[in-house]
Amino acid sequence: MAMEPATTIQLLGAGAFGFLVGWFVYYLNRHRSADVRFADLVSLIGAIGGGAVLALFPAGTDLFGAYGLGLFAGFFGYLVVILLLVWRSENFTIDYLIDGRRRDVAPGERLPDGPDRGAMGEPERGDPERGGPRR
């Protein structure tokens, strides 16, 4: 049984899905507060190229190719957007992307109250009331 060629809307949908997955993967890795573990890599590979993705976009098809291109565009698109925002900002430098350094808050400005819970809602270090390890 020969496979029918993918339609334009199918290719756009596969590419858009890949873009969202790539964007989200970069976002999660950038904002993580816990140390990277081998299990994280296994989970990432499973999410990007696992059985569910291959069921939606069979390997060797145009749909899988569009998904791969979307994944690439989303992952590196996030990086490009962050670089542009840092470049345009007066409050951040490229050091922010390297090690998290940022300029001091200007007089008359303040940071929001409360702890930064991180992208994954992970407890801060030294916050045993919220499940974090003691310092």
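**View 1. Secondary structure of the protein chain.** The protein chain of this predicted model contains five helices and zero strands, where helices are DSSP runs of H or I with at least four residues and strands are runs of E with at least two, numbered from the N terminus. Along the sequence the elements follow the pattern α-α-α-α-α. Residues are numbered from 1 along each chain as its sequence is written, local features need pLDDT of at least 70, side-chain atom pairs count only at pLDDT 80 or more, totals for chains, interfaces and linings use all residues, and side-chain values use heavy atoms, with hydrogens and water left out.

**View 2. The largest nonpolar core.** Nine residues form this core, namely Ala14, Val21, Val25, Val53, Phe57, Leu63, Ala66, Tyr67 and Leu71; a nonpolar core is a set of buried Ala, Val, Leu, Ile, Met, Phe, Trp, Tyr and Cys residues joined through side-chain atoms within 4.5 Å. Both α1 (8-31) and α4 supply at least two of its residues, and the largest share, four residues, comes from α4. Another core, of five residues, lies apart from it and includes Tyr26, Ile82, Val86 and Tyr96.

View 3. Thr61 sits in the loop between α3 (51-56) and α4 (62-88), and it counts as buried because its relative accessibility is 17%, buried meaning under 20% relative accessible area with a 1.4 Å probe, protein chains only. The side chain of Thr61 reaches the backbone oxygen of Pro58 at 2.6 Å.

Methods. Buried means under 20% relative accessible area, exposed over 50%, partly exposed in between (1.4 Å probe, protein chains only). A polar contact is a pair of N or O atoms within 3.5 Å; within protein, one must be able to donate a hydrogen and the other to accept it, and residues adjacent in sequence count only if both atoms are side-chain atoms.
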